[in-house]
Amino acid sequence: MRSTGIHPAIEATRETGAFGPRLEERFLGIRAFSEKLTEGLLPEDFVVQSMTDVSPLKWHLAHTTWFFEYFVLLQHAAGYRPLDPRYHHLFNSYYVQAGERHCRAQRGYLSRPTVREVLDYRAHVDDAMTQFLMAGEPPRVLAELVELGLHHEQQHQELILTDLKHVFSVNPLRPEYRPRATGAPRASARTLRWIENPEGLREVGAAAEGFSFDNERPRHRVYLKGFALADRLATCGEFLEFMKDGGYERADLWMSDGWAVARERGWTEPFYWEKRDGEWWVFTLTGMRRVEAADPVCHLSWYEADAFARWAGARLPTEFEWEVVAADLPVAGNLVEAGHYHPIPATDPALRTGSSPTQMFGDLWEWTGSSYRPYPGFIPAPGAIGEYNGKFMSNQFVLRGGSCATSGSHLRATYRNFFHPDACWQFSGVRLAKDVG
């Protein structure tokens, strides 16, 4: 057996077996949810790659399977035999130390293996993983490796939705992924309130207990000046005011790189918006709908979020400001389990607990003003698994909070998502912040 290369920073301090539901049950539940997300789709929907950042749905289903096959079964399950050894090359993503990879931009060229064959591949690996997990509680470090694979799969579940949305959006037929959920709240935008937080020394980052990605560690102290955080996400109505005030034409509001990108790509409105008979409409996973003023404004790039914040006389929060506010809040909100697949208006302030903000989890990933960099003392794990996060710590910004496409069991206040500043196909939005004192 070869070493997993798991870094001590992602090992659990829990005793074996203390993973909530038995590990094999959690494994099967998360694996089943990936396939549930694709129910009702046709084989043709699984194979389209509409841009380099988008992967075909069948590739997501296969790559998450490859992760368990390569990192767990091939290295730790005696006697395991791959269904097809050629899949290793096709479904490795960016793990250079794991071997050759198929070109990312050409994943849509793969008509074979078929969708049926990919599902057979999943079944083959699921059977082997189930036998492996039921043979007895795995050593703690192996259990943590499986847990990492499950959170990796939940990341790809979110990508299944965001990528499919882009695929459907470029189709003139504007297909619907799911019918619009009944009972989705419709409301007028409520007045934005500011929640002040005093200056002081704070602890941030994941604690030793429980699962976290390596980029959330080690826990450390930061000094924060006094700041105020908006009690809700910015809305479409507020962003329309930015647009009416020439927000996309005013170079003084934009970072130089952002201004250049906006000019080059002809940005004049948020991604997925289009004008019909003088009204703004937006494409969603539940079809086209009119832009609702109270809905959180969605699919903004960091450049747009930053320009909007400057226009509003505010700024983006740092990731640590966001985290200290979210640390004591429950992970609850408009998450994928709700079935809205789109952000919804903020709840009435009367429903809030004390002075806590709303929408901190779910609805939209919230851009921060923080560059994606390692925490003090971060050391990437040795081997291929160390490529999971560490090598991407440049030229990107941190987002916090999850979205309407994120599973609740995948989130925590310390979770750090990250994207390039021009990315806008993700469910990303903005919560304003400002200095106090």
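Analyst: Helix α9 spans residues 319-326 and is mostly covered, with 7 of its 8 residues buried. Helices here are DSSP runs of H or I with at least four residues, strands are runs of E with at least two, and both are numbered from the N terminus. Buried means under 20% relative accessible area, exposed over 50%, and partly exposed in between, with a 1.4 Å probe and protein chains only. The model is predicted: local features need pLDDT of at least 70, side-chain atom pairs count only at pLDDT 80 or more, and totals for chains, interfaces and linings use all residues. Residues are numbered from 1 along each chain as its sequence is written, and side-chain values use heavy atoms, with hydrogens and water left out.

The buried residues of α9 are Glu-319, Phe-320, Glu-321, Trp-322, Glu-323, Val-325 and Ala-326. The helix lies across β1, β4 and β12, and runs at about 70° to β4. Contact means heavy atoms within 4.5 Å. Axes are lines fitted to C-alpha atoms, for helices over the stretch in contact, and angles run from 0 to 180 degrees between N-to-C directions.

These strands make up an open sheet of 3 strands in the order β1-β4-β12, with antiparallel pairing. Two strands pair if DSSP finds at least two bridges between them. At the edges are β1 and β12 (433-435), each pairing on one side only. Direction ignored, neighbouring strands of this sheet are turned by 25° against each other on average. Strand β4 (residues 227-230) is joined to β12 by 3 bridges, and Ala-228 has Lys-434 as its bridge partner in β12.

Arg-193 has a relative accessible area of 44% and so is partly exposed. Its C-alpha atom is separated by 47 Å from that of Cys-103, 90 residues apart along the chain.

Helix α5 also holds Gln-154, which counts as buried because its relative accessibility is 4%. Beyond its neighbours within four places in sequence, Gln-154 is in contact with Arg-26, Ile-30, Ser-407, Ser-409 and His-410.

The largest pocket contains about 1,000 Å³ of space. Of its 42 lining residues, Arg-104, Leu-159, Phe-418, Phe-419 and Trp-425 are the closest to its centre. A pocket is an open set of points on a 1 Å grid over the protein atoms alone, where a 1.4 Å probe fits, with protein on both sides within 12 Å along at least five of seven lines; lining residues have an atom within 4 Å of a point. Grid points are joined across faces, edges and corners, and the volume is the space filled by probe spheres set on them. Two or more lining residues come from each of α2 (57-76), α5 and β10, and α5 gives the largest share, 7 residues.

Strand β10 belongs to another sheet, an open one of 4 strands in the order β10-β9-β8-β11 with mixed pairing. Both β10 (417-419) and β11 (428-429) stand at its edges with a single partner strand, so one side of each is left without a neighbour in the sheet. Strand β9 (residues 397-400) runs antiparallel to β10 and is joined to it by 3 bridges; Leu-399 stands opposite Asn-417 there.
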